[in-house]
Amino acid sequence: MTRLRHRPALDVRVEIRGELPREDAEYARSRAQDTAVLLGPDVHGLRLRLTRARDRMLTRPALAQADVELDGTGPVRVQLATGTAREAVDLVLGTLAGRVARLRELGDIGLAAVHESAYRPQWADRPLARRRIARHKAVVPARRTQAQAARELLLLDRRFHLFLDADTGRDGLVHRCPLSGAVEPWPAGGDALPVLDLAEAARRLWLTGRPFVCHTGPEDGRARVLYRRYDGHYGLITPVAEGGRGAGMPSARD
């Protein structure tokens with residue numbers, strides 16, 4: 001007797017933010033389903049988030065984020081922005097598929113992120129007086145070597161990555177250079193992090209134009225990161241001891 005084998009339902013989730021035509025939302029869902037099939041059985045949990053910014057000053061208002069779980073590697077994530085929603089969907093899913101293929105073949109994504117700099121999301125130009133800390137995340141930093149942290153930063157397509165240095169037992173941070181795309185430790189040269197309160201950290205963030213300011217909190221001496229969000233507000237990441245609030249890999253998502 002012949003038995004039919006049914007493939008389990010694909011684990012695909014699509015989230016739409018902002019005002020988008022129904023046709024664009026349906027296109028995103030269809031492309032996500034097709035991509036999940038093409039990626040193969042060792043890829044799980046495809047997530048696609050599509051956001052349309054209202055800021056008319058942005059030349060790339062369509063932001064797409066896609067991530068999957070790849071067997072033997074872990075989470076792989078891509079975030080890109082373009083002028084239209086459909087273009088953003090095609091670009092982010094195509095880039096994600098390319099990275100998964102390279103990971104299978106070579107075990108890394110190389111400097112792929114450098115070639116996508118023209119599609120990086122843009123920051124909304126929110127007036128300084130109206131900016132606030134819109135997201136505060138307390139996390140338990142994962143224990144990693146600097147090389148492991150750099151690899152995770154690239155896999156997750158982040159600007160920086162806060163971790164617990166496995167060699168020193170202290171908080172560490174790696175970041176991606178805006179021009180070269182290379183991953184480097186912060187601060188360079190092993191200099192000590194400055195001790196800042198949040199007001200001073202925000203002032204430095206504004207004065208320097210950097211995407212983040214990593215500093216030491218005056219309360220506990222732990223490293224923390226104040227960073228710019230794409231909506232024009234700020235985000236704050238603070239490490240906590242094992243058993244505290246949150247867990248996982250603290251990195252800049254937006």
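**View 1. Cys214 is a buried residue of this predicted model**. Its relative accessible area is 4%, where buried means under 20%, exposed over 50%, and partly exposed in between, for a 1.4 Å probe and protein chains only. Cys177 also counts as buried, at 14% relative accessibility. A search of the whole structure finds zero disulfides, a disulfide being a pair of cysteine sulfur atoms within 2.5 Å. Residues are numbered from 1 along each chain as its sequence is written, and side-chain values use heavy atoms, without hydrogens and water. In this predicted model, local features need pLDDT of at least 70 and side-chain atom pairs count only at pLDDT 80 or more, while totals for chains, interfaces and linings use all residues.

**View 2. Helix H2 runs over residues 85-106**. Helices (H or I, at least four residues) and strands (E, at least two) are DSSP runs, numbered from the N terminus. H2 has 22 residues and spans 31 Å from first C-alpha to last, close to the 32 Å expected at 1.5 Å a residue; the expected span is 1.5 Å times one less than the number of residues. After H2 comes Gly107, with a positive phi near 85°.

**View 3. H2 has a buried side**. The buried residues of H2 include Ala85, Val89, Val92, Leu96 and Leu103.

**View 4. The largest nonpolar core has 33 residues**. Such a core is a set of buried Ala, Val, Leu, Ile, Met, Phe, Trp, Tyr and Cys residues joined through side-chain atoms within 4.5 Å. Leu46, Leu48, Leu50, Val68, Val92, Leu93 and Leu96 touch the most other members. H2 supplies the largest share of this core, eight residues. Beyond its neighbours within four places in sequence, Val92 is in contact (heavy atoms within 4.5 Å) with residues including Leu48, Ala66 and Val78.

**View 5. Arg130 sits in the loop between H2 and strand S5 (133-139)**. At 56% relative accessibility, Arg130 counts as exposed. Its C-alpha atom is separated by 8.1 Å from that of His233, 103 residues apart along the chain.
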